[in-house]
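Me: Got a model open here and a few quick things to ask. Can we go through it piece by piece?

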Amino acid sequence: PPPGRATWLSYTHMLLLLLSPPSHAAAKDDWLHLPQTVAPTGDYTAAERERLRASDPGVDGSPTSIVDSHFVRDLLANGAKPAPFAPAMEPEEWSEAVGVKLTDAKVRTIHGADIVATEAGLQPALQTEYFAAWELEDRPRRICLLTMDMTEDYRPYVGYLNDNIAALQSSFRSKGLPVFTSNWIRRPDDGLYGALDRFYGSAGVRSRENPTYIYLENGTLPMKEIAPTGEEIAAGLTIKSSHLSKFADVDSHGRSTFLLKLRALGVDTLVIVGAWSEDCVAATAFDAVDKYNLDTVVVEDAIGTATPTHFPAIEVMRAAVAKVVSTAQLVAYMDKLPPLAPEVRSQALLRAAAVRDCDPAAAGSARCGEGGGEGGEEATEESGMVTGVAGETAAAVAMATAAETATATATATKAT
């Protein structure tokens, strides 16, 4: 089906049903249908898999997912090929790479695991470096930028990032693509206490050493050099945040405000810049990929923190969830994209602005501006929505068409 027009029983779902393993043992040469052990602590039952395909926002094509990338096509085409990752590294190689000293390089087996001893404890003898197997140019994308928590209180620590962030904001805005801004707004007296407060503790507030809270009067405001535009504020592309993951900030009905906006815009690829690398950036990246099925890009020279964990945080995200690129690389990619038509951009912003804090059960998902809501129901024609997963708008479909054009152009240029 055309992008954004699949029903809940999507192309992916139908193929997955066809590919479901038979009840008998899989053939020895079948690399896809492997033998399984269905048990309370083992593999899913067929019913459990169907439940997830019908409800999990992290699964391609489910009614609650923003994205259906038809990954099964890639799996069938490439599953029998070797993985693109480098061969596993020997102990001497990986220990030098991470700066950990081997205290005993002799390989021993403990409970079936081959290990060596390091100054930091036991480790597997062979280790592999992983990274995102996809490229930005691989497929059409509906992409947006999130500038995270670059507030005045944090200027002394991450203000140096402003030039790169401003360049990226300008690049996205020049193409008519969404630019979100979040600001950390925790105050010592806000009463919004929880596990994060307990983690950092209750001391250090008078001395302003406790990193949980904002202290300057204007400390919650975005730095003026990279502040959102009036148009972005009017469209609701701003997030007042009291959580590390920007998906965790909710409206009065417990719905993720950021997720609702992304649904309204039909976004399928999230670019993250801002602060802090090991906290909000990492938490948001992990949620975006694992929970909400969004391809995620982290711009390594446009994120920062005030702790020594900046570089380890980047490597963890690179190895687990994010495509890590530089500002120059992302700007070069953006330069190849055609700008959205003004009417498409206006429609998208109006669609985002239509998302409201109301009870979809009482008012109806369309009136709440959800574009199909959590269940992906068909929206009304009057509201400008179309039927489909995540209730994508005509603007979102047009964004996909523009992205397809850019991908085809890039592919032709590369071939030439």
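Me: Is Asp104 buried, partly exposed or exposed?
Reply: Asp104 is partly exposed, at 23% relative accessibility. Buried means under 20% relative accessible area, exposed over 50%, and partly exposed in between (1.4 Å probe, protein chains only). This is a predicted model: local features need pLDDT of at least 70, side-chain atom pairs count only at pLDDT 80 or more, and totals for chains, interfaces and linings use all residues. Residues are numbered from 1 along each chain as its sequence is written, and side-chain values use heavy atoms, without hydrogens and water.

Me: What does Asp104 form a salt bridge with?
Reply: Arg108, with the closest N and O atoms 2.7 Å apart. A salt bridge here is a side-chain nitrogen of Lys or Arg within 4 Å of a carboxyl oxygen of Asp or Glu. Arg108 is partly exposed too, with a relative accessible area of 46%.

Me: And which residue is the bridge partner of Asp104 in strand 2?
Reply: Ala117. Strand 1 and strand 2 (residues 113-118) pair in the antiparallel sense over five bridges. Two strands pair if DSSP finds at least two bridges between them. Strands (E, at least two residues) and helices (H or I, at least four) are DSSP runs, numbered from the N terminus.

Me: What's the strand order in that sheet?
Reply: 1-2-3, an open sheet of three strands with antiparallel pairing. Strand 1 (102-110) and strand 3 (121-124) are at the edges with a single partner strand each, so one side of each has no neighbour in the sheet.

Me: What packs on it?
Reply: Helix 4 (residues 91-98), touching strand 1, strand 2 and strand 3. Contact means heavy atoms within 4.5 Å. The direction of helix 4 makes about 130 degrees with that of strand 1. Axes are lines fitted to C-alpha atoms, for helices over the stretch in contact, and angles run from 0 to 180 degrees between N-to-C directions.

Me: Back to charges. How many salt bridges in total?
Reply: The count comes to 16. One of them joins Arg141 and Asp295, with the closest N and O atoms 2.9 Å apart. Arg141 sits in the loop between strand 3 and strand 4, Asp295 in strand 8, 154 residues apart.

Me: Is Arg141 buried or exposed?
Reply: Buried, with a relative accessible area of 4%. Arg139, Arg141, Asp268 and Asp295 are linked in a network of salt bridges.

Me: Where are Glu225 and Arg155?
Reply: Their side chains meet in a salt bridge (2.8 Å, N to O). Glu225 lies in the loop between helix 7 and helix 8 (230-234), Arg155 in helix 5 (residues 155-158), so the pair ties together parts 70 residues apart in sequence.
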